Amino acid sequence: MGRFLRAVTSKWYNSFKDNPMRLAYLITKYKSRHGWRHRDLLRLAHVTAVNRHIELIIKYVVQGLENAIRFAEYDTCPTTVEIIEFLISVEKTGKQTLIDTNEVKALIIKHELVQEHIHNDLLGNTDIWECLLRQMPVTAMLHNLGKMSKLHLLEGHSFFGRYSNHKT
């Protein structure tokens, strides 16, 4: 990776210095693209964070959640706490573990999690989809019409049926 590409990569990650939650959202939603993971880019570009929040997110990407929590252990800044809570929620909903559906729904609503944050096994649950649909953009809805139809979310007794007078 050349000097210019390293500089551009570093500048992109640090451009979120005023909105670190947006960076946390983006790195957890788009974990990889075209065979590149954030971890790969951060290591190749030798990104140096401009503030503690960006450093926390970089630590999460490169070293994992446990090290990020240790890094922010005594930091009581509300933004730091919010980032850590968000990352813990993403990890909880993204793992294939026995997790309570109501807990997942609460995390989706509280942290505005999206489909990419949720483990595939949980995406077979209509209650989870109803929570996701509350904030899902139209393009994502159109992309997932097949899945929603398969789960019968488009029928009269479901989420959409509550707002429709048409009987199917």
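Predicted model: local features only at pLDDT ≥ 70, side-chain atom pairs only at ≥ 80, totals over all residues.
Where is the place of His-46? His-46 sits in the loop between α3 and α4 (52–63).

**Positive phi and exposed positions**

His-46 has a phi near 55°, a positive value in a residue other than glycine. Its relative accessible area is 60%, over the 50% cut-off, so His-46 is exposed. Glu-112 also has a positive phi, near 55°, and is not a glycine. Glu-112 belongs to the loop between α7 (101–111) and α8 (126–133). With 54% relative accessibility, Glu-112 counts as exposed. Arg-3 is placed in helix α1. Arg-3 has 71% relative accessibility and therefore counts as exposed.

| Residue | Relative accessibility | Class |
|---|---|---|
| Arg-3 | 71% | exposed |
| His-46 | 60% | exposed |
| Glu-112 | 54% | exposed |

**The α1 and α3 pair**

Helix α1 covers residues 3–14, and helix α3 covers residues 38–45. They pack at an angle of about 125°, and their axes are 9 Å apart. Angles of 65 to 115 degrees would be roughly perpendicular and those over 145 roughly antiparallel, so α1 and α3 are oblique to each other. The crossing of α1 past α3 is left-handed.

Which residues in α1 meet α3? They are Arg-6, Thr-9, Trp-12 and Tyr-13. On the α3 side, the partners are His-38, Leu-41, Leu-42, Leu-44 and Ala-45. By class, this contact has 6 nonpolar, 2 polar and 1 charged residues.

**The nonpolar core**

In soluble globular proteins, nonpolar side chains tend to be buried together. Here the largest nonpolar core has 45 residues. Within this core, Phe-86, Ile-108 and Ile-118 touch the most other members. Elements giving two or more residues to the core are α2 (20–29), α3, α4, α5 (65–71), α6 (78–94), α7 and α8. The largest share comes from α4, with 7 residues.

What does Ile-108 touch, not counting residues up to four places away in sequence? Its contacts are Leu-113, Ile-118, Ile-128, Cys-131, Leu-132 and Gln-135. One of these, Ile-118, is itself among the core residues that touch the most other members.

Notes
Residues numbered from 1 in each chain as written. Heavy atoms only, no water. Axes fitted to C-alpha atoms, helices over the stretch in contact; angles between N-to-C directions. Helix = DSSP H or I, 4+ residues; strand = E, 2+ residues; numbered from the N terminus. Parallel < 35°, antiparallel > 145°, perpendicular 65-115°, else oblique. Left-handed = near helix turned anticlockwise from the far one by under 90°. Contact = heavy atoms within 4.5 Å. Nonpolar A, V, L, I, M, F, W, Y, C, P; charged D, E, K, R; others polar. Buried < 20%, exposed > 50% of the residue type's maximum accessible area, 1.4 Å probe, protein only. Core = buried A, V, L, I, M, F, W, Y, C linked by side-chain atoms within 4.5 Å.
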